[in-house]
Amino acid sequence: MNYWKIILLIVCLILGLTRATAQAGPPFRTDDPEPVELKNWEVYLASQYADNRDGLAYTAPHMEINYGIFPNFQFHVILPAEYVKPAGQPSHYGYGDTELGLKWKFYENEAEHFLIGMFPLLEVPTGDKTKGLGNGQPQFFMPVWLQKSWGAWTTYGGGGYWVNPGTGNRDYGFVGWEIQREITKQLTLGAEIFHQTASAVDGDSSTGFNIGTIINITDNHHILFSSGRDLDGPNRFSFYIAYQLTFGPEKEQGQQEISLIK
């Protein structure tokens, strides 16, 4: 099967639809430079599943929290409960490594609808490495993300470098690009493609894709889903699913403006 032709077809279908949205990040691996608005919140209750050649791994569940701490700055944390089942070995379930981050949008051209930002992440080794629930040492990711909107669509992407210490580990890079469309105010479709170099001395690099959707139940309640696999690499199938709650002054102001119009 020619996966590249499938991805091209999906992207073309999405590009042929109407109306754009700036929703970004989850449910995709590729991120964007747009932080949460000042004093606003995003809270996700999510699960991420991966069926790899060397076994199964998924979060069951994990919680992601994003908060606009300053103008153009977002604080980020992921608190995961993880299940791992290496091929031919016992399974384990427990708390994994905690992720901390700070997203900074340092450039915006409003006329061109173009953004640039950084989103450094720190993986704190809170998981039990002996059970496969953590790395055992801190990891650090330094990416740069770009976003451009024009006409009826939005696209974003970029990449960065992971510092990945530990016996048998190696530092690695990640790059990705995403494109998405708002079909209605309640439904958004998107697709991404990404590449990651080997993260272990005896590991493989990978190139993969995801297709996803964002369903806006209301202005505050959302469902996010994506699924995909590697075109070249160890992942045979993966998916992400989440309930997202968004709230704060920006949301409340928008709802008040809508009420006044009505």
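## Exercise 1: a patch on the surface

F75 is partly exposed, with a relative accessible area of 35% (buried means under 20% relative accessible area, exposed over 50%, and partly exposed in between, with a 1.4 Å probe and protein chains only). Before going on, note that this is a predicted model, where local features need pLDDT of at least 70, side-chain atom pairs count only at pLDDT 80 or more, and totals for chains, interfaces and linings use all residues. Residues are numbered from 1 along each chain as its sequence is written, and side-chain values use heavy atoms, with hydrogens and water left out.

Task: find the strand that holds F75, then the nonpolar patch it belongs to.

Solution. 
- Step 1: F75 sits in strand β3, residues 73–86. Strands (E, at least two residues) and helices (H or I, at least four) are DSSP runs, numbered from the N terminus.
- Step 2: patches are made of residues with over 30% relative accessible area and no salt bridge; like charges are joined within 9 Å, and nonpolar side chains (Val, Leu, Ile, Met, Phe, Trp, Tyr) within 5 Å.
- Step 3: β5 (98–109), β8 and β9 (153–163) each supply at least two residues of the patch.

## Exercise 2: the cores

Task: list the residues of the largest nonpolar core.

Solution. 
- Step 1: a nonpolar core is a set of buried Ala, Val, Leu, Ile, Met, Phe, Trp, Tyr and Cys residues joined through side-chain atoms within 4.5 Å.
- Step 2: the largest one has eight residues: F119, L121, F141, W145, W162, Y172, F174 and F194.
- Step 3: at least two residues of this core come from each of β8 (139–150) and β10 (172–182).
- Step 4: apart from that core lies another, of six residues, including Y44, A46, Y240 and A242.

As background, nonpolar side chains tend to be buried together in soluble globular proteins.

## Exercise 3: charged partners

Solution. 
- Step 1: a salt bridge is a side-chain nitrogen of Lys or Arg within 4 Å of a carboxyl oxygen of Asp or Glu. The structure holds seven of them.
- Step 2: the partner of D31 is K103, with the closest N and O atoms 3.2 Å apart.
- Step 3: D31 lies in the loop between α1 (3–15) and β1 (41–52), while K103 is in strand β5, so the pair ties together parts 72 residues apart in sequence.
- Step 4: both ends are covered: D31 is buried at 15% relative accessible area, and K103 is buried at 3%.

## Exercise 4: strand β10 and its neighbours

Task: how many residues of β10 are buried, and which strands pair with β10?

Solution. 
- Step 1: β10 is mostly covered, with nine of its 11 residues buried.
- Step 2: β9 pairs with β10 in the antiparallel sense over nine bridges; two strands pair if DSSP finds at least two bridges between them. Here G157 has W177 in β10 as its bridge partner.
- Step 3: β10 also pairs with β11 (residues 187–196), antiparallel, over nine bridges. E192 in β11 is the bridge partner of E178.
- Step 4: a hairpin of four residues joins β10 to β11.

Terms used:
Accessible areas come from the Shrake-Rupley method with a 1.4 Å probe; for residues, only the protein chains shown count as cover.
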